[in-house]
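Please read this briefing beside the sequence and the 3D view.

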Amino acid sequence: MNTPVTETKPEPRSLEEWTAMLRDRDMPIFSNTVRSVNNIIGDDKKGVMELASVILQDPNLTTQLLKLSNSIYYNASRQKMATVSRAIVLLGTEVLRELTLACSFLEAILSPTNQRRANEEIAQAIHAAVHAKALAIATHDRSPEEVFVAALLHNIGNISFWCFCGAKGDLIQALVKDGSSQQAAEKQVLGFTLADLGGSLSKAWNLGGLIEESIRKNQGAVNPRVGLVHLGYEVVEALREGPDTKQYGACLEKIAAVTRQPKQAVREALQKNTEAAAGIARHFGAHEASDLIRKEAGQPSEPETAETAPITDRKQLQFQILQDITSILSGRIDINLLLETVLEGIQRGIGMDRTLFALLTTDKLALREKVSLGWRKDSYTQKLVFNLAKTPPNLFFQALSNHDGCWLNPEQDGTLFTAVDTKLVGKNPCFLMPVCAGDKPIGLIYCDRAYNHQALSEDDFRAFRHFVQQANIGLSLYRLQGR
């Protein structure tokens, strides 16, 4: 009897191999998110719709981001945010960009198998990031969120390694236990330090800006903003040592000098920031890290509250998103924001796997994707194009002429699913409805459950039609506003 052979992937042996493994094998979702976000931010023609689309491709990322957006740390006004689109409007593109990178990174590394050392690194990063952001606010920095993410990802090499290190991590810890310094042990086992790995990953992910600058070694004159990142980590070390130590006193003096605040105010701020850091860690799903933050600062563990739990009931979520749409319709209409919110309502509120809004081409012979959610594509820049076949009619031609919407099923409507359409969208029960300016269709919304194959219902179809009708109302009002 032959014993099956399990193929084991060779362990990385160099800095380049470790970088490639973490980027491509262990953290591909983060790699893709960083690439997409950087492309959007670097293109003046792209904005809210594109950023929201990147976020909404990942349901877990969407949930975590909305939890954070609704937390008191980011949302002091307590305005409820049920959609990513509204979060971007209320918090701003820059805040959401930084939150997206932070949430995506922690989503990529957090797992039930994290060892204590990995959680210690995560706790230190979140704790330092909150203190660094508070320092940035106190010193009137132009972008405290950028400082937050730079501090969070400052030790990206350490965090990534300890989350995916395997036996190499055990060897390093054994050497440290026997008396080697941390850096010497890393060099002996890996041939490089984890700080080197952080710099390499930063370049591989093209993180750039303050993140890369704060990681870079042997700097000459230190950028004051980099100094805020480093001071965030000094605060964590000082709190770990305790309030009666020389290190804590020196750190207190430095913060008082930088912020021009009295020492008592600084002490109170450090305690408040530590509590905020523990809460942020819980919102990220880093529960062990949250407990470590409190423990190292001498504070008791605190149970998680349900205060900012995401909306899970679909009816409730639909109602909240429809309220957001009503708010959009009541003022000067941002048509892109309206369409993005409608699509998010269909995707998350009705529970669809894939949702898409496509515009008619100028020759009226095809539909070209404008926004899509949930489609498994190599790049968010890849756009689908659907031909409108009149003879025989295909599902898109059929739907475009039906203003009440279509609920199509391959078993009953098989002839509408042409070979070309099936290649693009498969053969799945689906909802389709034209988006109209007045009586003229300008595009179409399509949605299905192509992945979980859960049956569609009458309630789902009614909700779908209602969301698309809101888009049509918005377009009519938009035209009346002369835009």
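Buried means under 20% relative accessible area, exposed means over 50%, and partly exposed is in between, with a 1.4 Å probe and protein chains only. By that scale Lys-364 is exposed, with a relative accessible area of 54%.

The model is predicted, so local features need pLDDT of at least 70 and side-chain atom pairs count only at pLDDT 80 or more, while totals for chains, interfaces and linings use all residues. Residues are numbered from 1 along each chain as its sequence is written, and side-chain values use heavy atoms, with hydrogens and water left out.

Helices (H or I, at least four residues) and strands (E, at least two) are DSSP runs, numbered from the N terminus.

**Salt bridges**

- Side chains of opposite charge can pair when their charged atoms come close.
- A salt bridge here is a side-chain nitrogen of Lys or Arg within 4 Å of a carboxyl oxygen of Asp or Glu.
- The whole structure holds 19 salt bridges.
- One of them pairs Asp-448 with Arg-354, with 2.6 Å between the closest N and O atoms. Asp-448 belongs to strand 6 (residues 440-448) and Arg-354 to strand 1 (residues 354-360), so this pair ties together parts that are 94 residues apart in sequence.
- Arg-23 is partly exposed at 27% relative accessible area, and Asp-24 is partly exposed at 48%.
- In a further salt bridge, Arg-97 meets Glu-98, and the closest N and O atoms are 2.4 Å apart. Arg-97 and Glu-98 are both buried.
- Arg-97 sits in helix 6 (residues 93-109) and has a relative accessibility of 17%.

**Helix packing**

- Two packed helices are described by the angle between their axes and the distance between the axes.
- Axes are lines fitted to C-alpha atoms, for helices over the stretch in contact, and angles run from 0 to 180 degrees between N-to-C directions.
- Angles under 35 degrees count as roughly parallel, over 145 as roughly antiparallel, 65 to 115 as roughly perpendicular and the rest as oblique.
- Helix 4 (residues 59-69) packs with helix 16 (residues 263-284) at an angle of about 155°, and their axes are 9 Å apart. Helix 4 is therefore roughly antiparallel to helix 16.
- Contact means heavy atoms within 4.5 Å. Gln-64, Lys-67 and Leu-68 of helix 4 make the contact with Ile-280, Arg-282, His-283 and Phe-284 of helix 16.
- Helix 9 (residues 156-164) and helix 12 (residues 194-204) have axes 7 Å apart and pack at an angle of about 105°. Helix 9 is therefore roughly perpendicular to helix 12.
- Among the residues that meet there are Phe-161 and Trp-162 in helix 9 and Leu-197 and Leu-201 in helix 12.

- Glu-369 lies in strand 2 (residues 366-373) and is buried, at 5% relative accessibility.
- A polar contact is a pair of N or O atoms within 3.5 Å; within protein, one must be able to donate a hydrogen and the other to accept it, and residues adjacent in sequence count only if both atoms are side-chain atoms. The side chains of Glu-369 and Ser-372 make such a contact at 2.8 Å.
- Leaving aside neighbours within four places in sequence, Glu-369 touches residues including Leu-356, Phe-357, Lys-377 and Leu-384.

**Loops and an exposed strand residue**

- Most residues other than glycine have a negative phi, and most peptide bonds are trans.
- Lys-364, in the loop between strand 1 and strand 2, has a positive phi near 65°.
- His-453 also has a positive phi, near 55°. His-453 is in the loop between strand 6 and helix 22 (458-480) and is exposed, at 59% relative accessibility.
- Lys-440, in strand 6, is exposed at 63% relative accessibility. Lys-440 and His-403 are 37 residues apart in sequence, and their C-alpha atoms are 9.7 Å apart in space.
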